[in-house]
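Here is a short report for a reader new to this structure. Begin with the view below, then follow the headings.

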Amino acid sequence: ANYRSTYQTNLEPYETAGFPAITYFTEEETLAMNDLAVILQPYIETEVAKFIAGKRSLDEFDAFQNELKGMGAGDYLAYYQKAYENYLATK
């Protein structure tokens with residue numbers, strides 16, 4: 001019951017329609033996404049913590065976004081964009 005209450009309070013108000021709850025990727029896509037995630041996730045967590053703690057100026061946020069692009073964040077996003085387009089095509 002606690003989980004349901006927490007879900008209803010903290011998540012339901014922010015739900016939006018459009019992206020499926022379950023998304024399928026090919027094996028090749030999954031492996032490529034995992035390779036990117038291993039690089040991106042720790043870097044994002046570290047740098048966001050620096051922004052929050054004030055160790056990195058918010059003036060550098062655009063540079064941070066460019067760093068992410070250089071690390072393959074655009075490719076990672078493209079996998080989800082393709083999955084979303086496939087989802088829309090089947091509706």
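## A pair in helix H2

Start with Glu 47 and Lys 50. Both residues sit in helix H2, three residues apart, about one turn of the helix. This is a predicted model. A salt bridge joins Glu 47 to Lys 50, and their closest N and O atoms are 3.1 Å apart.

Are the two partners buried or exposed? Glu 47 has 6% relative accessibility, so Glu 47 counts as buried. Lys 50 has 34% relative accessibility and therefore counts as partly exposed. The cut-offs explain both labels: buried means under 20%, exposed means over 50%, and partly exposed is in between.

## The salt-bridge network

How many salt bridges does a search of the whole structure find? The search finds five. Glu 47 takes part in another of these contacts, a salt bridge with Arg 56. Here the closest N and O atoms are 2.6 Å apart. Both Glu 47 and Arg 56 are buried. For Arg 56, the relative accessible area is 8%, which is why Arg 56 is called buried.

Arg 56 also forms a salt bridge with Glu 60. The closest N and O atoms of that pair are 2.9 Å apart. Glu 60 counts as partly exposed because its relative accessibility is 36%. Put together, a network of salt bridges links Glu 47, Lys 50, Arg 56, Glu 60 and Glu 67.

## The nonpolar core

Now turn to the nonpolar side chains. Which residues make up the largest nonpolar core? There are five: Leu 36, Leu 40, Phe 51, Phe 64 and Leu 68. Helix H2, residues 27-53, and helix H3, residues 61-70, each supply at least two residues of this core. H2 gives the most, with three residues.

Phe 64 is one of the core residues. What does Phe 64 touch, leaving out residues up to four places away in sequence? Its contacts are Tyr 43, Ile 44, Glu 47, Val 48, Phe 51 and Arg 56. Among them, Phe 51 belongs to the core as well. Glu 47 and Arg 56 are members of the salt-bridge network.

## A nonpolar patch on the surface

Which residues form a nonpolar patch on the surface? The patch consists of Ile 44, Val 48 and Ile 52. Together these residues have about 260 Å² of accessible area.

Ile 44 lies in helix H2. Its relative accessibility is 32%, so Ile 44 counts as partly exposed. Ile 44 and Val 48 are also among the residues that Phe 64 touches.

## Across the structure

Leu 88 belongs to helix H4, which covers residues 73-90. Leu 88 has a relative accessible area of 40%, so Leu 88 is partly exposed. How far apart in space are Leu 88 and Ile 44? From C-alpha to C-alpha they are 29 Å apart, and in sequence they are 44 residues apart.

The other pair is Asp 59 and Gln 81. Asp 59 is in the loop between H2 and H3. Asp 59 is exposed because its relative accessible area is 73%. Along the chain, 22 residues separate Asp 59 from Gln 81, and their C-alpha atoms are separated by 29 Å.

Note on methods. Residues numbered from 1 in each chain as written. Predicted model: local features only at pLDDT ≥ 70, side-chain atom pairs only at ≥ 80, totals over all residues. Heavy atoms only, no water. Core = buried A, V, L, I, M, F, W, Y, C linked by side-chain atoms within 4.5 Å. Buried < 20%, exposed > 50% of the residue type's maximum accessible area, 1.4 Å probe, protein only. Helix = DSSP H or I, 4+ residues; strand = E, 2+ residues; numbered from the N terminus. Contact = heavy atoms within 4.5 Å. Patch = residues over 30% accessible without salt bridge, like charges linked within 9 Å, V, L, I, M, F, W, Y side chains within 5 Å. Areas by Shrake-Rupley, 256 points an atom, 1.4 Å probe, with all protein chains shown as cover. Salt bridge = Lys/Arg side-chain N within 4 Å of Asp/Glu carboxyl O.
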